[in-house]
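Reader: Could you take me through one part of this model up close, with the cut-offs spelled out as you go? I'd like the packing and the charged pairs in one connected story.

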Amino acid sequence: MLYDQTVTKLNGSSKSLERKRKWSHIRKDKLLYLMAIPGILFFIVFHYIPMYGILLAFKKYNIYQGFFASEWIGLDNFKTLFTMYGFDRAFKNTIIISIYQLVFAFPVPIILSILLNELRHQLYKKFVQTSIYLPHFVSWIIISGILFAILSPSTGVIKEIAGFFGYENFTFNLLSSKEYFRSLLVISNIWKEAGFGTVLYLATIATIDQQLYEAAKVDGAKKWQQIWHITLPGLRTTIVILLIFRVGSMLNTGLDQIFALYNPQVYEVSEILDTYIYKLAFQEAKYDLATASGLFKSLISLVLVLFTNFIAKKIDSDSGLM
């Protein structure tokens with residue numbers, strides 16, 4: 001009995017000491033916690049509170065009855081969605097475009113970061129960094145205008161250049177080509193986002209101990225050997241984490257990009273889930289089906305994140321998110 005009381009008191013005192021230690025850390029870093037409050041409130045207000053709207057996917061929504069009074073129909077919206085015309089095409093295009101983006105666009109920031117890190121002229125390095133960062137801050141609407149000005153079959157820059165060299169009848173329309181439109185999406189996305197994607201990689205490279213490079217030079221390692229055996233291993237954790245995020249967002253292929261660039265002639269190869277949901281919600285007012293489609297996309301993304309993280313942890317226990 002006395003032993004149990006002693007153990008209970010010790011456990012209570014240890015928990016109390018742990019709580020005091022936590023509060024002391026919070027008081028010590030109170031300014032950092034205060035700075036985090038706006039971000040936390042943003043996610044609560046715009047991401048967590050609206051989650052009650054997911055229930056719309058399980059109701060036959062009637063705008064006159066309202067959200068709560070609409071009839072509960074369970075999984076019928078999903079059954080209807082999966083048999084609707086165009087859904088399988090949108091899902092297929094989403095997967096194909098996402099795989100293209102993952103295979104061709106994901107490695108580009110890594111390569112750019114390594115190349116930038118090897119530049120020794122600081123002024124030139126800053127100029128290059130600034131140049132490749134800028135497209136990230138330009139909207140897709142403006143970029144679509146730039147691409148139209150370049151690729152227009154009637155008044156585009158390419159048309160004018162071809163006419164200058166004697167090819168007046170050159171009428172290749174890349175923006176309306178089913179064969180090349182997906183490639184245009186990938187290339188334009190790389191041009192816009194690859195530069196800004198180097199920020200995290202360059203920050204990680206800056207944390208690598210420079211003595212490792214000096215030791216490698218002493219051992220006779222060439223530049224490519226230093227990159228392979230020092231730089232890339234140093235980037236491994238960052239690459240894995242960003243890869244998990246990228247795979248988790250595979251179904252988010254970029255509504256703004258495709259919405260700004262596509263046209264009826266390329267719907268067959270460019271219609272994705274995001275544009276399909278947009279049309280369901282804002283053109284056909286089928287809010288219940290649009291919510292069901294969005295929920296389906298979110299569940300697939302969650303499975304992809306968990307699966308990728310599981311594989312990453314199996315390959316390297318130090319990688320992954322948890």
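Author: Let's start where helix 4 and helix 5 (residues 107–117) meet: their axes come within 5 Å and cross at roughly 15°. Axes here are lines fitted to C-alpha atoms, for helices over the stretch in contact, and angles run from 0 to 180 degrees between N-to-C directions. Helices are DSSP runs of H or I with at least four residues, numbered from the N terminus. That angle makes helix 4 roughly parallel to helix 5; the label covers angles under 35 degrees, while over 145 is roughly antiparallel, 65 to 115 roughly perpendicular and the rest oblique.

Before going on, a word on the source: this is a predicted model, where local features need pLDDT of at least 70 and side-chain atom pairs count only at pLDDT 80 or more, while totals for chains, interfaces and linings use all residues. Residues are numbered from 1 along each chain as its sequence is written, and side-chain values use heavy atoms, with hydrogens and water left out.

Back to the contact, meaning heavy atoms within 4.5 Å. On the helix 4 side you'll find Leu102, Val103, Phe104 and Ala105, and they meet Pro107, Val108 and Pro109 of helix 5. Sorted by class, that's 7 nonpolar residues, no polar and no charged ones. For the classes, Ala, Val, Leu, Ile, Met, Phe, Trp, Tyr, Cys and Pro count as nonpolar, Asp, Glu, Lys and Arg as charged, and the others, Gly among them, as polar.

Helix 4 (residues 87–105) also packs on helix 12 (residues 223–248), this time at an angle of about 165° with the axes 11 Å apart. So helix 4 is roughly antiparallel to helix 12. Ser98, Gln101 and Leu102 of helix 4 touch Leu243, Arg246 and Val247 of helix 12. The class tally for this contact is 3 nonpolar, 2 polar and 1 charged.

Helix 15 (residues 273–282) is mostly covered, with 8 of its 10 residues buried. Buried means under 20% relative accessible area, exposed over 50%, and partly exposed in between (1.4 Å probe, protein chains only).

Asp274 forms a salt bridge with Lys297, with the closest N and O atoms 2.4 Å apart. The cut-off for a salt bridge is a side-chain nitrogen of Lys or Arg within 4 Å of a carboxyl oxygen of Asp or Glu. Asp274 sits in helix 15 and Lys297 in helix 16, so this pair links distant parts of the chain, 23 residues apart. Asp274 has a relative accessible area of 11%, so it counts as buried, and Lys297 is buried too, also at 11%. As for Lys279, its salt bridge is with Glu271, at 2.8 Å between the closest N and O atoms, and both residues are buried.

Glu268 and Lys178 meet through their side chains in a salt bridge of 2.9 Å, N to O. Glu268 lies in helix 14 and Lys178 in the loop between helix 8 (157–164) and helix 9 (181–193), so they tie together parts 90 residues apart in sequence. Glu268 is partly exposed at 45% relative accessibility, and Lys178 is partly exposed at 42%.

Key. Helices (H or I, at least four residues) and strands (E, at least two) are DSSP runs, numbered from the N terminus.
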